[in-house]
Structures are given as structure tokens and as C-alpha cells.
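Dear colleague,

Please find below the structure that I am handing over to you.

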Amino acid sequence: MSAASFRKGLVKLEERYPVVKTFRFAIAGVVGFGVTETALTIGLLGFYGMVSLPHASFASPGILGLDVLSLLIGVLASFFINERVTVHVPKTPESEKADK
């Protein structure tokens, strides 16, 4: 199965069942959350050498900055995934003929 035939099948599926786009949006959100958690885990391992921290470290500026940075990375990843997977409308042969 080629990528073009897969996209064409996906467009037909979305026309028949509009909820498919909602599922794609949700999957992109879950992937963005995973990116956020991965960035946070890598940052904790880099700064502290461990994932579990002492209770006194939770309010430190380093941890708050790491939280903000990992959130930004996750939101950006989710945005770009959604832009590519959910919002992007693939060109079909009919739309290319209409453009000409």
C-alpha cells in the first residue's frame, strides 16, 4: 500500500466518519504529553542524576524552570504534530485539477 493510497483511504474514512479527525487530534495530544514527560525526565536526570527528588527541591527555581521548558517543548511538539496530521489537508487529484 502506497502513501498516496493510504491518504486517499483516510480522506474517505474521514468523510464517512468525522470522528476520525478527533481521534487523530487526541493521539497527537498524547504524543505531545509523552514528549513533555520525556523532556522532564531527561532534565531531571541531567540536573540531579535521578528521577525522584528530595521534597525540599520541588520549589527550587531549577525545577520550576525545567517544568516550564518541558511544557513548552511538549506543547510545540503537539502543535507541529497536529499541524501535520490533523489540520494539514492532503492534495487529492481532484483538488489539483481545481487549482489549475
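Please note that the model is a predicted one.

Ser70 belongs to helix α3. Its side chain reaches the backbone oxygen of Asp67, at 3.0 Å. When neighbours within four places in sequence are set aside, the residues in contact with Ser70 are Thr36, Ala39 and Leu40.

The next point concerns the pairing of two helices. Helix α2 spans residues 19-48 and helix α3 spans residues 61-87; their axes come within 8 Å and cross at roughly 150°. Because angles over 145 degrees count as roughly antiparallel, α2 is roughly antiparallel to α3. The crossing of α2 past α3 is right-handed. In the contact of these two helices, 17 residues are nonpolar, 9 are polar and 3 are charged.

Turning to the protein chain as a whole, its secondary structure consists of 4 helices and 0 strands, and the pattern along the sequence reads α-α-α-α. The chain has 100 residues, of which 21% are buried. Among contacts in the chain with a separation of 6 or more, 58% are between residues 24 or more positions apart.

Yours sincerely

How values were computed:
Residues numbered from 1 in each chain as written. Predicted model: local features only at pLDDT ≥ 70, side-chain atom pairs only at ≥ 80, totals over all residues. Heavy atoms only, no water. Axes fitted to C-alpha atoms, helices over the stretch in contact; angles between N-to-C directions. Parallel < 35°, antiparallel > 145°, perpendicular 65-115°, else oblique. Left-handed = near helix turned anticlockwise from the far one by under 90°. Nonpolar A, V, L, I, M, F, W, Y, C, P; charged D, E, K, R; others polar. Polar contact = N/O pair within 3.5 Å; in protein donor to acceptor, adjacent residues only side chain to side chain. Contact = heavy atoms within 4.5 Å. Buried < 20%, exposed > 50% of the residue type's maximum accessible area, 1.4 Å probe, protein only.
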